[in-house]
Amino acid sequence: MWPRFLTRSFPMNRHYFLVPKFVLTLIGIYPEQERSWPVRAWSFFNFFILAYGCYAEAAYGILQIPNNIVLAMDALCPVASSILSLLKMSAIWYYRDELKFLIQRVRTLTEQQQSDRKLEYKRRCYTLATRLTFFLLCCGFCTSTSYSVRHLVDNMLRRAHGLDWIYETPFKMIFPEPLLRLPLYPLIYALVHWHGYITVACFVGADGFFLGFCLYLSVLLNSLRDDVVDLLAVKSIQTESTAWKDERIVRKLERLVDRHNEIAVLTERLSGVMVEITLGHFVTSSLIIGSSVVDMLLFSGAGIIVYLVYTCAVVMEVFLYCLGGTFITEACLDLARSTFASQWYCHSVRVQKMTLLMLARSQRVLIVKVPFFSPSLETLTSILRFTGSLIALATSVI
């Protein structure tokens, strides 16, 4: 039984960026959030916690490489995600005005699509975006929580065998010795645990933005496709149109061309906002997945479960990026195919020329541009193949 906010009956206007809005508001960096001084102070506090966590994890892992490779891997594997989340948090804050404009403009355009078919497109894509981002949030929450649970279980087992409690944090980090002793230890433990949740909130918010924009833009492209086909449809066989009818079709085609141009501009602006996030994510994803699998080989018991959940979360992130890019690509191609298959040839030469112009423009597929590649399911296949090569190399070394 789905929670109500994951069902198709949930109001569509509340589906709009539901999960990204929740997690980013929680840490104080949602673009539409009021920028009061308490919110700014809270967001700076979260940024500081995340930044110090990245440093402490990286320092711990590097120092442990000559002594204990298992502990080093245990620290360096999550630090890659933490650094990436720090990049995402910085990018969302830096581009907050641009993101706010995109959120509001895409909302306005999608609210204008009110026919039964268009409402069905919206319901399907809005629900899909909410479900997938919520599933990603669950994976991230379980991953972060599993680190703390693993540490508590290990220490309880030590106490059951008469051994001392190990005063370490759930994520392997360097801290001054006084902070890892009572009475400050519980506070430091809680802050490190919150560091994990900040990491989750950042990548769920950024990934949810990417997937949401891609799905919502695909709704606009599918709605544009329907409007073009309906406009060019001929109810009775005619080879020529009357002057007034021809002028009416031309005016409507001009508006449709303007809509298509605006969608292209919004996609271009989205690319400018998401380029650092997307590039960083795809560059590190293979390394993170590969190191997680290697950690599963090195650990036993609860450690295997921790890194199994971690691997699922990272794969889910990459899948969302590739799925979003595929949705836009297929919507563009479907617009071109449907325009060509319409009855454009039954209209005047002027209308035919405008239709062919739109057809030529729609064949130039809109993509969220990333240096060296574009997010798609084919890209996901390449990443997983490269990850398999890294895993095979690592296991041969071990």
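Helices here are DSSP runs of H or I with at least four residues, numbered from the N terminus.

Some ground rules: residues are numbered from 1 along each chain as its sequence is written, and side-chain values use heavy atoms, with hydrogens and water left out. In this predicted model, local features need pLDDT of at least 70 and side-chain atom pairs count only at pLDDT 80 or more, while totals for chains, interfaces and linings use all residues.

Now for the holes. A cavity is a set of points, on a 1 Å grid over the protein atoms alone, where a 1.4 Å probe fits but cannot get out; its lining residues have an atom within 4 Å of a point. Volume means the space filled by probe spheres set on the points, which are joined across faces, edges and corners.

At least two lining residues come from each of α4 (69-94), α6 (116-160), α7 (185-232) and α9 (302-341), and α7 gives the largest share, five residues.

Next comes the second largest cavity, with about 60 Å³ of space. Around it sit Leu-109, Gln-112, Gln-113, Leu-220, Arg-259, Glu-262 and Ile-263. Which helix supplies the largest share of this lining? That's α8 (residues 243-298), with three residues.

Terms used
On a 1 Å grid over the protein atoms alone, a cavity is a set of points where a 1.4 Å probe fits but cannot get out, and a pocket is an open set with protein on both sides within 12 Å along at least five of seven lines; lining residues have an atom within 4 Å of a point.
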